[in-house]
Amino acid sequence: MNALITLSVLAILVLYLGLYKAKNALLPVTLIGLAAALALSILEWNSGAAPIYSGMMLFDNFAVAFTSICIISTMLILLISKDYFEHISEHVAEYYTIILFALIGILVMVSFHNLSMLFIGIEIMSVSLYILAGIRKHDFKSNEAALKYFLMGAFSTGFLLLGIAFLYGASGSFDLTAIKEYVIANPTGISPLFYSGVTLMIIGLSFKIGAAPFHFWTPDVYEGSPTLITAFMSTVVKTAGFAAFLRLFMVCFAPLHDFWMPVLLVISVLTLFIGNVTALYQHSFKRMLAFSSISHAGYMLFAIVALGPLSGNSVFVYASAYSIASIIAFAVLILVKRQTGSDNFESFNGLARKNPFIAFTLTVAMLSLAGIPLTAGFIGKFMMFSTALSEYHIIMVVLAVVNAVIGIFYYLKVIVSMYFKSAERNEVQSSPYFNFVLGFSALLTIIVGVYPGFISNLF
Amino acid sequence: MEILLLQIFIPLIAALIILVSGKTIVRGLAGAFSLVSLLITVYLYLNFTPDATTQFLVDLAWIPQFGIHFKAGVDGISMVLLLLTNLLIPIIVLSSFKQDVKDQNAFYALIFFMQSGLLIVFTALDAFLFYIGWEVALIPVYFICALWGGENRIKVNLKFFVYTIAGSLLMLLAIIYLHLQTPGNSYDIAEFYKLELDSVTQGWIFWAFFIAFAIKMPVFPFHTWQPDTYTEAPTTGTMLLAGIMLKMGIYGVIRWLIPVAPLGFQAWGETALILSVIGVVYASIIAFTQNDIKRLIAYSSIAHVGLISAGIFAWNVQGLQGAMIQMLNHGINVVGMFFIADIIIRRLNTRDLSLMGGIAKPAPMLAIAFLIVLLGTVALPLTNGFVGEFLLLMGVYNFNIWYAAIAGLTIILGAVYMLRMYQKVMLGQVNTSTSAFLDLDGTEKSVLLIISVLIIFIGVYPQPILNISEAAVINLLDQVNQKILVK
């Protein structure tokens, strides 16, 4: 749990650095701190964790794995934030600090062992994100995003809190183990209050992960927020949301599978179709990514619908593959938008001729998101399909295949623009930081795609 | 060092080397690497014992926790397809030397990347590996067709890509489903063969696999992507697609579809056969009405592949052996056909048959080569096509005489539309654009010489090829028939 403490100290340290105008030290200090937190969390791998802080948190392998991928994604995003934040605001230190605070919330979310900690984690993360979404305070769209996000977030928190209260009312405890024991001890006589609680939790968490029909805030918030914040929200935050979702259902609600499974099944299929079909009609690359992130949430929900021993690992691999590919996509988007001022598909025309490296990495990312073999995305989809088929959700998987095919249309669109459409353009200016992040992420995507053995059997 | 690993991965290494090599040596490197692959295949062929066993077996743990192995091997059926792939790639590479390709590094790298995928498909004994190879072969050819293709390439290739991916995802579902049914959760083909699923389930499995393979071949009514894609693709792309890639579908039917779902095959095999026969007649008639030389060859390819597929679904020795040798023949012939079409199109700047005519006069050598390839395609005795189509028709005949009668139309119709094309292109009056037609130059001569020799040699002496696959084919037949008869 040292990672959590390290991050908290780091966040305050960065804030003080900002106070003393040590602008150049911000990024290195943050990165070193994150690397330390990463190392500390990995050290707790397989340490036979028991609940700590009076049973509030449990830093087991599940938590270690999700913490690590969230920290790595954050590091990659921060690496490309060099001279990005300076462009959009004077308060650079606050950026780093708030992102770190959000990360602290995420750590709590993935390692909670008590419903109150789940709530606290989600709130720490959400409040930070409300600020981040609106940090371009003179930009109308950014303000709109922040307001929408805040209203929707507050609304969904209400559901969540009421759900937690109901669960407490029925079981008499916030503790996950106690709730689990309550469910197992009363196979027939579970109070209706408990079922209402589960339903409200599903609604609240679906809001947070942007699953349909609770997804309406996502496109506007993703589009209005600064691109790097969007990257952070659609990768790290989404991963954490799923980890929390999965943890809760795996530990507490697994015996009630028959009750919530149909609900989640409908949610996941709806999410897939709404995300995919809407993404198909987008002209803006950024908006397309927003809607495609909705559809990826649908795929990840499969693991929860078909809850089984494979679920945790499936979500982990899928979320990692998706996060890394999305980071590439957003990084290239930042570069292209900086040059052309537009985030439409047309602004990618002819990119392959002038910047073959950038075009190649974006191609790898798109193929990964589309789930083409030899990329990490394929392994993720493959594991999802395996998980769902092992529980005999055949119709659901067939619908997922239909969606995978729809997805190919819009992911290929940007490849087509880059390689097959020519346009008069200058070389996009990149920096070593960007090149490192792009190259590293693309390499990771391919390595996981070719040899997934090292992350596909963690827990 | 496992020789089969070399065979599979040398093209991949070649692709990487070519990608970073200097512009001046790209063509030389490409030619050399394609010959290295061919030499390894020759070595494999010489050390191959034509019995029913799987040889040169490679079995490495790949993703052990899912039961996925890198397991590949060569039996008689795979051997024919290795020969096909590694014989055609050098010819295709050589034929591309004439073309003015920009960004050659990427072009040849993609060809070799695809070759690796094809070789994985043809040797894989693990379903996951097979699927990976299947997709790995698709992505490079998509880029080849979309980067160097004609005007409508973007739209046409999107259709092609989506069609094939949709088919293969269904196959992936079937593979995962079968995997979950095996006792030890394995992807090994031997475990798949041992499964005893009920016939309804096998019916679903049959369709999931069949649609994937039918799209690739293509079998009517899954063929609609094919004529456009062949027409818009650069000639090299068309050769790769028609010469080698569609054999992935045929091979899949023989290796995976029928042995894995024998009861599904028993229930639906005849439907598939009828679809294939419809495709033969349908494509032949459309070919007859074409005025675009590339489209005509594309439709004729659908007709010929339809016959191969019908021969397989007849499921007897003649049909299967015919399919094996005809896969090789069709590859050689269709590459020759598209090469000749490309020569003509490049010199006349048109694909329209009505603007051609009388080319035989200024270009006698081309006329002879064209005639040989054409006769091979229409299956004249003593050419390679004859052996294959004769066996195939005999196979269908043994299954049902009426299907054979209808499928036999392919020979007549094929002769009609092919000779009509020859007449329109080569014979008749010379017009202003064809009078100055240049005859074959050095590279073109050597490509067509190799192809002509192969056509005649296999036509006169097909036995070595038939010997390779015979034992494996009989073994497979027995294995499936036992399962069908027991039920």
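In the predicted model, the contact between the two chains draws on 22 residues from chain B and 22 residues from chain A. On the side of chain B that touches chain A, the helices α5 (127-148) and α6 (153-181) each supply at least two residues. The largest share of this side, 13 residues, comes from α6(B). Sorted by class, the side of chain B that touches chain A consists of 20 nonpolar residues, one polar residue and one charged residue.

When neighbours within four places in sequence are left aside, B:L173 is in contact with A:F385, A:V397, A:V398 and A:V401 of chain A, and with B:A208 of chain B. B:L173 also belongs to the largest nonpolar core, which has 383 residues. Within this core, B:L173 is one of the residues that touch the most other members; the others are A:M109, A:A240, A:I328, A:A331, B:V80 and B:F209.

The fold of chain A was examined next. The secondary structure of chain A amounts to 19 helices and zero strands. Along the principal axes, the C-alpha atoms of chain A fill a box of roughly 70 × 55 × 40 Å. Of the 459 residues of chain A, 59% count as buried. Among the contacts in chain A between residues at least 6 apart in sequence, 79% join residues at least 24 apart.

An annotation from an unreviewed UniProt entry, "domain: NADH:quinone oxidoreductase/Mrp antiporter transmembrane", covers residues 114-407 of chain A. Over residues 114-407 the chain is 81% helix and 0% strand, and the end C-alpha atoms are 38 Å apart.

Helix α8 of chain A, residues 176-185, illustrates how a single helix is placed within the chain. The buried residues of this helix are A:L176, A:I179 and A:V183. These residues lie on the same side of α8(A), because they cover an arc of only 65 degrees around the axis. The face of α8(A) turned away from the buried side carries the exposed residues A:I184 and A:A185. What covers the buried residues of α8(A) includes two other helices of chain A, α7 (140-171) and α11 (227-253).

Notes
Residues numbered from 1 in each chain as written. Chains lettered and ligands numbered in written order. Predicted model: local features only at pLDDT ≥ 70, side-chain atom pairs only at ≥ 80, totals over all residues. Contact = placed C-beta atoms within 7 Å. Helix = DSSP H or I, 4+ residues; strand = E, 2+ residues; numbered from the N terminus. Nonpolar A, V, L, I, M, F, W, Y, C, P; charged D, E, K, R; others polar. UniProt positions renumbered as here; feature names shortened; annotations may be inferred. Buried ≥ 20, exposed ≤ 12 C-beta atoms within 10 Å, placed from the backbone. Arc of directions from axis to C-beta. Core = buried A, V, L, I, M, F, W, Y, C linked by C-beta atoms within 7 Å.
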